[in-house]
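Hi,

Here is the structure I promised to pass on to you. Please open it first, and then read my notes below alongside it.

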Amino acid sequence: MAALRGEVSWFCCGSAWGPCGSAGGGACGTCSSGNYQHAWPNTSDACLAITRPHACGITGMSRRGCGFRHYTTNLCNGARVGTAIADCGPQTDLFCGERTCCGSACGSNRIIDLTPAAYSAIASLSTGLRPCSVNTV
Amino acid sequence: MDQTLDRRRLLATAALGGVVTATGLGSLAPEAAFAAEATTVEPGAPDPNFAEGRIGKITGNMLLVTGSDTVLHSIRITDGTSIWKLHPTTFDRVAVGDGLYARGVRLPDGTLAADAVWVNIVNLHAHIAAVGRNVLHLDHKGRRIVAHVVPDRSAAVYNGTPAVSDMSLLRVGRHVQVLGAWHPDTNEIDIATVYAAA
C-alpha cells in the first residue's frame, strides 16, 4: 500500500470512564484505550459498507484484518506511531471533503482513528484531529 | 544533545523534587514536544508511559488514579506538566472524581511523571438529536448526551473551515464529532470543539 494521506482522530475503547464506558472492545474484541491500536475503515465487507471511504473518492485503502500494523505520521510535527488494527472505523463518508491543515501540510478525509495512548504519542489529545499519512512500513 | 533524553531527564528531575522552570520545558512548542518523544512500544501493546482512569485521591502533587481496568496509578504533577480541562489550566482545577488520560515518563518506582494530563476529555462521535439555547442534545451509542455551549470557549469547525463560535449551522440529524470535557458522573459535557460536515 502506498502511503495514504488524510486525517487522523482518536477514540476510546475497552474499559473506560464517562461516556466512553459503553465503548467495548471494538470489532476485534481486543481494543483498549491504553494500547497502541487503531480503527481502520476496511477490515471487512460489513465494515466497508459502514465507513464507505469510496464515497469520498478514496482509493488504495486495502482490506486489512485485526492485528495488522499501520504506521501513522502526524504531518504537523513528523511524529510517528505504529499501531495494530482493533476496530472498524472511522466513518469516513460522514465527513467527505473535510480538510485539516498545519500550515501547508494538509490532509483530507478521515482515514484512521487511534486509541488515546497512540494518538497522544504523536499529538495532544486536545487537538482532536490532525493531518496525517498512513503507511505499512 | 538529544532532545528526548533531555526532556526525560528534566521530567525525572522535577518528579524527584528538583526545580524545572517553565522555560526549561516550555522551550518545546506543543507539537514539537510530541515529536520529541521516542516511540518504542510494539504496535498493539500497552504503553507503559500512558495511564487512564479516575482520580481517587490527591496528595500534594500526586494523583492516585484507579484505571478503568482497576489498575492503580500514581501520577506526579511537575512544574512542566501541561494540564487540559476544557482549557489549558492549572493543577488546582483538578478534582477527585475527575477522569483523565496522562502521558509521561514511568519512573523506577512505578510513578508516572506526567508530561501532559487531559482531564475529563472526551471525543465523541454522535448525532444531533435536538438543539436548544446554548445546548446540543446528542445521541451517542444509543445514549443521550447533553452538550453545553460554553461562551468564549466552544467552537464549531464546519468541514475543515477555521473554528468559529457560531453554532447556528448545526442541524438536527447531522453527524458530529464533539471534543469536550465530561461533567463527572453525569451525561453532560462542555463543548470545546464541534466538528461538523458541511
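Counted over all chains, this predicted model has 4 aromatic pairs. In one of them, the ring centres of A:Trp10 and B:Tyr101 are 5.9 Å apart and the planes stand at 85°, so this pair is edge-to-face. The pair runs between chains: A:Trp10 belongs to strand β1 of chain A, and B:Tyr101 to strand β5 (residues 99-106) of chain B. Both of these residues, A:Trp10 and B:Tyr101, are buried.

B:Tyr101 also pairs with A:Trp17, this time in a tilted arrangement, with 5.4 Å from centre to centre and 40° between the planes. Because A:Trp17 sits in the loop between β1 and β2 (37-40) of chain A while B:Tyr101 is in strand β5 of chain B, this pair joins two chains as well. A:Trp17 is buried, too. Ring pairs tie A:Trp10, A:Trp17, B:Phe50, B:Tyr101 and B:Trp182 together in a cluster.

Now for the interface as a whole. Chain A brings 48 residues into contact with 43 residues of chain B. About 3,700 Å² is buried between the two chains, and carbon and sulfur atoms give 60% of that. On chain A's part, A:Trp17, A:Pro19 and A:Tyr36 supply 22% of the area buried against chain B, more than any other three residues.

What about charged and polar links? There is 1 salt bridge between chain A and chain B: B:Glu42 with A:Arg69, whose closest N and O atoms are 2.8 Å apart. Polar contacts across the interface come to 20 residue pairs. By class, the side of chain A that touches chain B is made up of 23 nonpolar, 18 polar and 7 charged residues.

Enjoy exploring!

Terms used
Residues are numbered from 1 along each chain as its sequence is written. Chains are lettered from A and ligands numbered from 1 in the order in which they are written. This is a predicted model: local features need pLDDT of at least 70, side-chain atom pairs count only at pLDDT 80 or more; totals for chains, interfaces and linings use all residues. Side-chain values use heavy atoms; hydrogens and water are left out. Contact means heavy atoms within 4.5 Å. Buried area is the accessible area (1.4 Å probe) that two parts lose on being put together, summed over both. A salt bridge is a side-chain nitrogen of Lys or Arg within 4 Å of a carboxyl oxygen of Asp or Glu. A polar contact is a pair of N or O atoms within 3.5 Å; within protein, one must be able to donate a hydrogen and the other to accept it, and residues adjacent in sequence count only if both atoms are side-chain atoms. Ala, Val, Leu, Ile, Met, Phe, Trp, Tyr, Cys and Pro count as nonpolar, Asp, Glu, Lys and Arg as charged, and the others, Gly among them, as polar. Rings of Phe, Tyr and Trp (its six-membered ring) pair if their centres lie within 6.5 Å; planes under 30 degrees apart count as stacked, over 60 as edge-to-face and the rest as tilted. Helices (H or I, at least four residues) and strands (E, at least two) are DSSP runs, numbered from the N terminus. Buried means under 20% relative accessible area, exposed over 50%, partly exposed in between (1.4 Å probe, protein chains only).
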